[in-house]
Every structure is written in C-alpha cells, then in structure tokens.
Amino acid sequence: MILIVAEYSGGKLAKSTLEMVTAARQTGREGPVTVLVLGQNVAGVATEAAAVADQVLVADSAALSTYNAETWAAAAAQIAQEGEAHTVIVGGSRSGREYAPRVAVKLDAPYLEDVISLSGSGEGLQAQRYTYLARVTETVEAQGPVIVVSAKPGSFAAAAPAAQPGEQYDVDLELPESRVSVTGRNVEKSSRVALAEADIIVTGGRGVGNAENFGKYVEPLADNLGAGVGATRAVVDAGWRPYAEQVGQTGKTVQPGAYIALGVSGAVQHLSGMGKSKYIVAINKDAEAPIFKVADYGIVGDVNEIVPALIEASKR
Amino acid sequence: MKILTLIRQVPDAEARVRLSGNAVDLDGTTVVMDGMDEYGVEEALRLRESGAGVEEIVALAIGPKRNEDALRTALAMGADRAVHVETDERLDAVSLSQVVAQLAQTEQTDLILVGGQEADWDSQALGAATAERLGWPQLTWTNELKLDGDKLTGRHDVDEGNESFEASLPAVVTTQQGLNEPRYPTLPNIMKAKKKELRKDDLATYGAQSRVKFVGAEIQTRARLNKIIDGKDPQAAAAQLIDLLRNEAKVIK
C-alpha cells in the first residue's frame with residue numbers, strides 16, 4: 001500500500017493531504033492509497049480524508065494530542081511495517097520534514113525529500129526536487145522495498161473526492177514517550193487565508209516602513225484581493241509580523257497564482273520561497289532591486305504612494 | 001560535555017549557479033561556510049562561554065576538499081579540533097547520518113549542532129536522521145538555546161508559531177538565523193587555528209553509501225514578463241497594474 005500521513009490544522013484536513021493523495025496516485029504503484037490520521041478527536045479529519053483515499057487508518061488517542069517528531073515517526077513507521085507499505089508520503093511542512101527522516105531510518109528506507117513531482121520507475125520512484133535555494137531542479141531516484149517521500153506543499157493538484165468514500169479503520173499504536181517537553185506555545189496563526197492555500201499573496205518587506213504600515217497598506221490590499229498576507233524575514237525579525245507569515249528559506253514556500261511583493265528587495269533566501277509563483281508583482285522604489293528581475297509586473301515607486309492608489313484601484 | 005558541530009562549505013547565497021553536464025559546477029564559484037551551520041558553531045562557543053561545562057567542541061565536515069576551509073574557519077572561531085571525512089561522493093542526508101552517528105559515538109558527543117537547512121541540497125534531513133540513529137531527541141529550527149548541566153531549554157519555530165522546550169542531553173539541535181550573531185575570526189585566532197588538529201578520515205571506514213541516485217540537474221528559469229511601470233504618477237501606475245492583473249494575467253477579479 002501507499003501510506004500517507006495526514007496533515008490537518010484546526011480540525012480540518014489540510015490541502016497538502018489532498019496533494020499527497022494525488023502524488024500517491026501519480027506513482028502508479030499498486031495497493032490502496034491509505035491515509036493515516038494521527039491525533040486526538042480527529043474523526044472529522046478522518047471523514048474528510050476518506051472522501052479522497054481508498055482507506056483511512058485512524059489513530060485517535062490522548063498520546064497523540066500534540067505533534068511530536070518521535071511519536072509521529074514511530075506511528076508512521078509502525079503502520080508502514082504492519083501494512084507492508086512500499087511508499088510512505090509525508091507532508092513537506094516544517095514538521096513533516098522533521099520527522100520523515102526518522103521514518104526513513106526506522107524503515108531502513110531511502111528518503112526523497114521535498115519532492116515537486118513523483119513517478120513510479122521500475123522497482124522504485126523517480127522525483128524532482130529543488131536544490132541550491134530552489135535555483136536548480138534536480139532529478140533523483142530511489143529503489144527498495146519501501147521508500148519515504150516528503151511532498152512539497154503546492155506542487156501537486158488537490159485530489160478530488162472519489163465516487164465512493166474509503167473505509168475507515170481504527171488502529172492501535174505503541175508509542176514512545178516524548179522526550180521533549182513543550183513549556184510554552186506561541187501560536188501565530190494568520191487570521192487570513194493560510195499562505196499555503198492562498199491563490200494570491202500580498203507580502204510586505206522592510207520597504208513597507210513599520211508594523212503600522214502593514215495595517216495601512218498590506219492588509220487592506222490583501223483584503224481587496226481576497227489574498228493571504230506574507231512577510232519577509234527582516235520584517236518578522238523586526239517583530240512587525242508573526243513568523244507564520246514568513247515566506248522564504250526559513251519560512252514558508254509558496255507558489256500562488258499571483259505574488260505581490262511590496263517593498264521587498266528580493267534576496268535569494270526570499271526568492272527561494274516564492275520564485276515559483278505563477279505571476280510575480282513587485283512594488284519597490286529601487287529600480288535596481290533584484291525582485292524586479294523575477295517580476296512579471298512591477299511599479300517603481302514608493303510603497304507609501306503606490307499602495308494607497310492600488311487599494312483604491314482594486315476596489316470593485 | 002562534548003559538542004559536535006556539523007559544517008559544510010557551500011556556494012555563497014548570492015553566487016551564480018552554473019551547470020556542467022547534469023550536475024552543478026562549482027568551479028570558480030565563491031564558497032563559504034553554510035550560514036545555517038555557522039550559527040551552530042557560534043552557539044557551541046556561546047554555550048561554553050556561558051559556563052555550561054563544555055569540555056570540547058569538535059567541528060565535523062563530510063564532503064569534498066573545499067570543506068577544509070570551513071573547518072579552518074570554525075577552528076579560527078574557537079572550535080578545538082576538526083574532523084574531515086573527505087569524499088567527492090555525494091550522499092543523501094539519511095545515508096550521511098550514518099557517518100555522523102558513528103562519529104558522535106566515537107567522539108562521545110553529548111550535543112550535535114547542525115544547520116536547519118543545507119544551502120546547496122536544500123535538505124533539512126541530516127539532524128533528524130542522525131538523532132534517530134542515535135536514539136536521541138531533536139530540536140529543530142532553534143532560535144534560543146540554554147544549557148544547564150544536561151538540561152537544554154530554549155525556543156524553536158514550529159509549523160504555526162514557536163514553542164519553548166525542555167529536553168535532556170544527549171540531543172541534536174538544528175540552528176538558524178536569529179539564534180545568534182556569529183563572530184568573525186580575529187587574525188591571531190586564524191593563526192592559532194592553523195596549529196589546531198584537523199584530522200582526515202576515510203569515508204570507506206564508515207560504510208555509508210548513498211541510497212538516493214542523483215540522476216540530473218537543470219536550471220529552470222521561468223521567463224518573466226518584466227513589465228515594469230514608472231510610478232511617477234501613482235494613480236495611473238496603479239490603475240495600469242490592476243488592469244494588467246485583471247485582463248492580461250487574469251489573476252484578480
């Protein structure tokens with residue numbers, strides 16, 4: 001079977017899980033596409049997963065109430081072994097890429113990390129992935145009785161519901177004790193469209209000026225366009241915006257239909273997180289800013305002058 | 001308490017990447033210590049300076065000859081000695097973790113520091129895979145770290161926001177920007193570093209082989225329209241841009 005470990009947030013199945021189902025089907029490898037849901041009170045997530053998967057395994061227990069790399073890895077590896085999975089697909093989120101290598105070690109499996117395409121290749125899998133801060137696209141292959149893959153968010157189409165929902169089964173797991181205790185949590189959820197799921201993203205960089213200007217320029221423009229709000233590393237480091245909005249090497253990787261960068265210079269680390277967007281739009285007062293080199297559309301001008309005009313012009 | 005800090009020599013982020021055949025050609029490219037690893041070296045030094053009972057800091061690199069420079073930099077920053085497993089063979093991170101785990105055991109390491117993501121392979125897997133092989137916990141994307149006895153506390157980034165944590169050594173910690181501000185090696189320390197031990201190991205003795213085959217590489221540049229409007233008249237420029245997005249790109253309604 002092909003085992004997918006579900007990603008979800010706030011009791012809702014994440015789009016990345018639907019994308020992993022597509023990735024699984026694209027391999028053309030045999031056996032049911034199986035989604036494993038780990039957590040507590042996840043019946044709703046499991047039902048959503050059943051709409052797209054051949055079968056759903058549900059591990060609903062207090063021990064899984066919060067994500068932990070070791071617990072998640074142990075759970076995925078155990079189910080992969082018991083179900084004789086030949087392919088294990090994990091989300092390419094920060095957490096997914098944190099526990100997937102552990103699953104690979106536990107299963108003595110090769111690991112294809114953060115792939116943007118996936119296909120069956122003889123006894124194995126072939127995939128593409130980005131390297132060199134997403135400037136190079138590499139083709140990789142692995143063979144073996146079981147292969148672990150993490151799928152880059154936004155790289156595969158979301159699977160559509162099947163005619164018949166998959167069966168759901170409860171599973172029991174033997175889980176290790178977590179050795180990391182979480183003593184504090186600072187959840188920084190953006191109140192808007194999740195970045196990974198947004199069709200349009202409006203991102204502010206240092207050129208926006210200050211935290212207040214995000215409320216004056218970035219947010220109203222995003223609201224007019226029904227867009228998610230992003231931020232650069234510099235802006236997050238300055239404390240203007242939450243980390244959840246950070247796009248780039250150390251933040252999220254996004255590829256929306258339109259990425260609108262306001263006062264963003266376009267450092268390589270930032271480009272690696274958004275350079276694959278369908279359309280890139282830049283507003284910057286520095287005509288030499290690297291962001292213009294990758295922009296489809298742009299205005300050379302001060303954010304303080306251009307964005308209020310854009311907010312006005314984008315009203316319907 | 002011994003710290004192993006993993007480093008790599010990679011192209012500078014601003015350097016132009018070139019292909020030769022089906023692989024990236026670094027000939028003539030400016031290479032530097034991977035920035036994310038540099039935070040690890042710095043953090044090891046800071047933990048020692050904080051009085052955390054750090055007896056030794058060993059810098060480890062696995063890879064081609066160019067990594068010697070990164071190791072010399074780490075020694076000049078203040079690491080005590082270096083180990084270089086020299087190879088031109090490219091190993092995937094999970095296979096590479098076999099080497100790191102073996103060295104951590106022979107070096108009796110208590111704490112491994114490694115960058116959160118590699119600037120060349122864009123991989124985040126080495127720290128986690130090493131932790132799994134050693135049976136250790138891991139803390140990834142750390143931006144604050146304290147050590148008291150064998151108790152680690154700190155803060156790290158997670159999917160949505162950040163978490164404060166507590167864990168006990170031994171452990172693997174991955175590092176990133178924001179954790180600290182790496183020091184520049186001073187000239188006297190650069191001179192001193194030349195006398196520090198830099199041991200060369202043979203990859204063959206570790207029995208690690210890549211489980212991933214690297215078939216090819218290409219640079220896919222997306223042709224961009226580059227329609228840049230002069231913003232001297234903000235209203236006109238904004239109206240023109242919105243019109244392009246609506247009617248040409250058709251990305252907004």
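How many residues does the contact take from chain A and from chain B? In this predicted model, chain A contributes 73 residues and chain B contributes 69 residues. On the side of chain A that touches chain B, the largest share, eight residues, comes from helix α4 (residues 96-107) of chain A. The residues on that side of chain A comprise 38 nonpolar, 16 polar and 19 charged.

Helix α4(A) meets a helix of the partner chain. Its axis and that of helix α4 (residues 125-134) of chain B come within 8 Å and cross at roughly 45 degrees. The crossing of α4(A) past α4(B) is right-handed. On α4(A), the contact is formed by A:R97, A:E98, A:Y99, A:P101, A:R102, A:A104, A:V105 and A:K106, and on α4(B) by B:A125, B:A128, B:A129, B:E132 and B:R133. Sorted by class, this helix contact holds seven nonpolar and six charged residues, with no polar ones.

An open sheet of 10 strands runs in the order β12(A)-β11(B)-β10(B)-β9(B)-β12(B)-β8(B)-β1(B)-β6(B)-β7(B)-β13(B), and its pairing is mixed. Why is one side of β12 (181-186) of chain A and of β13 (198-202) of chain B left without a neighbour in the sheet? Both strands stand at the edges and each has a single partner strand, so one side of each remains without a neighbour there. From one strand to the next, the twist averages 30 degrees.

Strand β17 (residues 297-300) of chain A pairs with strand β15 (residues 227-230) of chain B in the parallel sense, over four bridges. The bridge partner of A:V300 in β15(B) is B:D230.

The domain assignment divides chain B into domain 1 (2-206) and domain 2 (225-253). Taken over C-alpha atoms, the centres of these two domains of chain B are separated by 46 Å.

Definitions and conventions. Residues are numbered from 1 along each chain as its sequence is written. Chains are lettered from A and ligands numbered from 1 in the order in which they are written. This is a predicted model: local features need pLDDT of at least 70, side-chain atom pairs count only at pLDDT 80 or more; totals for chains, interfaces and linings use all residues. Domain bounds come from an automatic or database domain assignment. Two residues are in contact if their C-beta atoms, placed from the backbone, lie within 7 Å. Helices (H or I, at least four residues) and strands (E, at least two) are DSSP runs, numbered from the N terminus. Ala, Val, Leu, Ile, Met, Phe, Trp, Tyr, Cys and Pro count as nonpolar, Asp, Glu, Lys and Arg as charged, and the others, Gly among them, as polar. Two strands pair if DSSP finds at least two bridges between them. Axes are lines fitted to C-alpha atoms, for helices over the stretch in contact, and angles run from 0 to 180 degrees between N-to-C directions. A crossing is left-handed if the near helix is turned anticlockwise from the far one by less than a right angle, and right-handed if clockwise.
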